Amino acid sequence: MVLVCVLILQVGANICGYREDVTEELCRRWMQLGAFYPLSRNHNGPGFRVSENNSMLLNSSRHYLNIRYTLLPYLYTLFYRAHSLGETVARPLVHEFYQDPATWEVHEQFLWGPGLLITPVLYEGGLLFYSRKNSLGLIIALDYKREAKGELYWDDGESKGRLGGSRRGSNRLQAKIIKNTYTDPNKLTFTDITILGMDKEPANFTVFLNNAATPISNTVYSSSAKVVNIADLQGLFLGQEFSIEWSLPVDDLEKFSCYPEGPAVSQESCQQRGCLWEPTTVPGVPTCFYDTIPNYAASNIQYLPTGITTDLSHLTAPEPAPAAAPFLRLSVTYHTEHMLQFKIYDPTNKRYEVPVPLNTPPSPVGSPANRLYDVRIQNNPFGIQILRKSSGAVIWDSQLPGFTFNDMFLSISTRLPSQYLYGFGETEHVTFRRNMSWNMWGMFARDEPPGYKKNSYGVHPYYMALEEDGSAHGVLLLNSNAMDVTFQPTPALTYRTTGGILDFYVVLGPTPELVTQQYTELIGRPAMVPYWALGFQLSRCGYQNDTEISNLYDAMVAAQIPYDVQHLDTDYMDRKLDFTLSPSFESLGLLIEQMKTSGMRFILTLDPAISGNETQYLTFIRGQENNVFIKWPDNSDIVWGKVWPDLPNVNVDGSLDPETQVKLFRAHVAFPDFLRNSTAAWWKKEIEELYRNPREPEKSLKFDGLRIVSYPSCLFFGHISVTQHLLADLEAGDSGLSSKTLCMESQQILPDGTPVRHYDVHSLYGWAQTRPTYEAVQEVTGRRGVVISRSTFPSSGRWGGHWLGDNTAAWDQLRKSIIGAWAYSGGPSTGADICGFLGDAEYEMCVRWMQLGAFYPFSRNHNAFGTRRQDPVAWNSTFAMFSRKVLQTRYSLLPYLYTLMHKAHVEGSTVVRPLLHEFTKDATTWDIDHQFMLGPAILISPVLESNTFQILAYFPRARWYDYSTESGNESSGEWKILAAALDHINVHIRGGYILPWQEPAMNTNSSRQNFMGLIVALDSNGRAEGQMFWDDGQSIDVILYTLLIPLYLSYSIESLYYNLSFYSYFHYRIHRMFSVFIVINNIPEEFPLWHSGNESS
């Protein structure tokens, strides 16, 4: 036991004991401890001795007494402070760390003063020097702020004393003489300095003595030990003041911006934040960047079988508001063998958390031995490290500067395993792989057409990254506050968000396709679409009346262009009031019924803005009665906005600019709070009224699906100011987050009754509206139905599809639509407005966009009011022919596409997928974003530039068959030039796959009655396989009436043998003639096959 006497300072026990013989081990351990007694004396009684084997005792004693003598100047200084100030010398840990309750019971360790911790073996089984005549040295033990201080008391050892001191800070060691009335006769000098805890490699050491600067060259830095050794210093005599300075160079790649909102920040403003400033001429490199001094330290790290828990304590004194959270908790949960969660939150202060339910098991599942990952918690500074077990690749490493957790500003950075990172929708990108060269993107839902670096309708803080060996992983930050992400070529990524908590989910794949499946397993599998929703669709803002719709339908039929769905924007409404019918569309209900007899479907648009300027508007009245509208937090007043609905009894002057029209002619509108429980019931009731209209049945509109704008768009500005650290690249960020939307102070109510600020849940508005809309469609139609939403958040795909918003009729938007479809990671039912929404489409571009759009899962031609018509029959007969050709190809392949959609629904597979999903081992595919795969078997190579009639396309290693010519070629992974006439889009089928197809017709209602066939594309081994899913195409419960058909074929040189086994499940059976089309050595052969039951071959 260590007994420390704090009243008598020069105290110590008889080392090795006074009575009884002592063993060598006990005496050796006692000499180690006794070397740190203030009074260090070995004393024993007569006749007692140590055992004979004492060589280890001698070596150990010599070593630890050398340490004592080395440290005697420090001990001597402690005795002086005890003499002059009454401080303790050998002290319990509780004297220094009284705020740590664990130290209150510690009695087997002790401190020499404040700076030296002694931990002796007690059971069996900062300013220091050598001798009084040798040269002096300094040991500087830095704290987390890279600071240290200490004092040296020196005299002749017998007379009165003299006192000196030193301090280390700001990359400078300063030795100051506090009092000097003593001259040392030995002319002692400081020759060696050791600095412990130096987290960066210093440079440019310089000693300053007597106003002269002398460079120091004899320095050695150990990065692993974080130690600097300076040797052979000259002329630094005891009793002289001197200083040593150095710099801490920071590589550009290790600079993490401390001032993202102002690249041209001044040195003064930068340093006011406690950050480092260094001018640079390199584009993108921040001039103001974080030091590596940590903000938080980890303690109480508990590694458990199911995860890890860690406490995080803020290392600096409390700050004025907005202050950092003084205490945080990290929780790591091993949910499955391939998925984990880590969450950083404030356990003492309940903060907003995203109310989106995720599919995580109630307790971790799987075997620890089979987990794909390891997690390590790092300290000094704090960080989280996630490794892939199989390769050792570090896929997350947040031991980086800048970790912050304030009330309205949270930031965390991580290193990335490679430069190959994809995701972060919905912001426009020019390439699928994210540009890592110092780029920032904002994410905050906004009614903003796609534009480079502009935050737009949806928010998806999710990315997929590739590792050096091609393994893939995905990361979701479940946070709905306004945020931005910064990419830098380190490679590294920085998140900054304005609220909530840091709640991350990581899936380990290891293939890109598995990553997507695991991600959709977490957020929810996408909804199964009805078969008709895969047909071609037409829409336009500005239809004048129902006669225009009827004429369009007749023209499409006359041109024999396949066409399944007609959309109607808000034109059908009376003054754009939801759930009303314009007099110009008074016969719309009858037209819908007539067109549906031919197999057509209708999708109507609903806007969330509900006018409050009407006297007998039942939708608003019932909304008030059910308390569904967003209100102010301090009273029951509705938060009003202005957007689309017109005031009653006004004539709108369409020549005025849109903003003026809104101010003069638009009604005040209220926005439903779709997070409230009462709102869902009210919304469903209003949708039922639109569908059935019991008061005026002739105005009932028997729609098949709904399109929701799903965003609280208005011209109303709020008052919450965003912390200056953030949102440099948010569109209209200088106008505040309330630009074009509701006040951020507005209050919404979560399903459990908890009030939340619109500030926190703004980006969830579309997500919250989608589910009750989807449920309403199914309830009123009794069918599967669809909902198409513009504003989305992770898991929106469970209830709806997505269109990419108000794009522009431009070639660059044509190309970016492929990237946009991939970046939307919530589900497969997505597509851009074919030929562009804004601006007048150009002929050639619209042709090429019709060809590309024919392979969007959601294939719709749609454009804005005031622009020229761009539907397939609006141009000329040649355009109609081009459209008919490519849409017939689409309709032929709908059984294959429908099967892919079903696999997405049940497995989470992608439909429109990057080539890297199928050919990950081929690094060339990692950068390809001008071609795409439709499932695993079809390669689409579109024309994306004007006046282009041949393209350069990449063919990964496989056998590929040209869909139009049926010829096949083996590729070893090569680029090829393909002809691309204006009427042609290149489509290739991958060998080894069997594709179901069906003879096309005017719509899917007719095509589903036609002959079906199989395309069997053999690989180089003469094998192929595939699958077909079939049901009635519209029932809500797809499990009860389905047919799942695994398809296999093998072929050898000597003979052809095929066995196509059809397995029927449950009740639904098909009775069709199948034409099996097999390509053998580039020679197509056709085999008729009749199937009328459970199994055929």
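This is a predicted model: local features need pLDDT of at least 70, side-chain atom pairs count only at pLDDT 80 or more; totals for chains, interfaces and linings use all residues.
Student: Let's start inside. Which residues touch the most other members of the largest nonpolar core?

Tutor: The general idea comes before the case. In soluble globular proteins, nonpolar side chains tend to be buried together. Here, the largest nonpolar core has 204 residues, and Ile344, Tyr495 and Tyr572 touch the most other members. There is also a second, separate core of 27 residues, with Ala148, Phe205, Phe242 and Ile244 among them.

Student: Take Tyr495, then. What is Tyr495 in contact with, leaving aside its neighbours within four places in sequence?

Tutor: Tyr495 is in contact with Trp396, Leu410, Ser411, Ile412, Phe424, Tyr463, Val475, Leu477, Asp484, Val485 and Phe504.

Student: On to the cysteines. How many disulfides does the structure hold?

Tutor: A disulfide is a covalent bond between the sulfur atoms of two cysteines. This structure holds four disulfides. If you number the bonded cysteines of the protein chain in sequence order, the pairing reads 1-2, 3-5, 4-6, 7-8.

Student: How far apart are the sulfur atoms of Cys16 and Cys27, and why is that disulfide right-handed?

Tutor: The sulfur atoms of Cys16 and Cys27 are 2.1 Å apart. The torsion about their S-S bond is about 85 degrees, so the disulfide is right-handed. As for what gets joined, Cys16 sits in the loop between β1 (14-15) and α1 (24-34), while Cys27 is in helix α1, so the pair ties together parts that are 11 residues apart in sequence.

Student: Are Cys16 and Cys27 buried or exposed?

Tutor: Buried means under 20% relative accessible area. Cys16 has 7%, so Cys16 is buried. Cys27 has 5%, so Cys27 is buried too.

Student: What about Cys258 and Cys275: how far apart are their sulfur atoms?

Tutor: Cys258 and Cys275 form a disulfide with the sulfur atoms 2.0 Å apart. The link has 55 degrees about the S-S bond and is right-handed. Cys258 lies in the loop between β15 (242-247) and α4 (267-272), and Cys275 in the loop between α4 and β16 (276-277), so this pair ties together parts that are 17 residues apart in sequence. Both Cys258 and Cys275 are buried.

Student: Which residue does a disulfide join to Cys270?

Tutor: Cys270 is joined to Cys288, S to S 2.2 Å. With a torsion of about 90 degrees about the S-S bond, the disulfide is right-handed. Cys270 lies in helix α4 and Cys288 in strand β17 (residues 288-289), so the pair ties together parts that are 18 residues apart in sequence. Cys270 is buried, at 0% relative accessible area, and Cys288 counts as buried at 2%.

Student: Last topic, helix packing. At what angle do α10 and α12 pack?

Tutor: Helix α10 (residues 677-692) and helix α12 (residues 765-781) pack at an angle of about 40 degrees, with their axes 9 Å apart. Angles under 35 degrees count as roughly parallel, and α10 and α12 are therefore oblique to each other. In passing α12, α10 makes a right-handed crossing.

Student: Which residues meet in α10 and α12?

Tutor: From α10, you have Ala680, Trp683, Lys684, Ile687, Glu688, Tyr691 and Arg692. They meet Gln769, Pro772, Thr773, Glu775, Ala776, Glu779, Val780 and Thr781 in α12.

Conventions. Residues are numbered from 1 along each chain as its sequence is written. Side-chain values use heavy atoms; hydrogens and water are left out. A nonpolar core is a set of buried Ala, Val, Leu, Ile, Met, Phe, Trp, Tyr and Cys residues joined through side-chain atoms within 4.5 Å. Buried means under 20% relative accessible area, exposed over 50%, partly exposed in between (1.4 Å probe, protein chains only). Contact means heavy atoms within 4.5 Å. A disulfide is a pair of cysteine sulfur atoms within 2.5 Å. Helices (H or I, at least four residues) and strands (E, at least two) are DSSP runs, numbered from the N terminus. Axes are lines fitted to C-alpha atoms, for helices over the stretch in contact, and angles run from 0 to 180 degrees between N-to-C directions. Angles under 35 degrees count as roughly parallel, over 145 as roughly antiparallel, 65 to 115 as roughly perpendicular and the rest as oblique. A crossing is left-handed if the near helix is turned anticlockwise from the far one by less than a right angle, and right-handed if clockwise.
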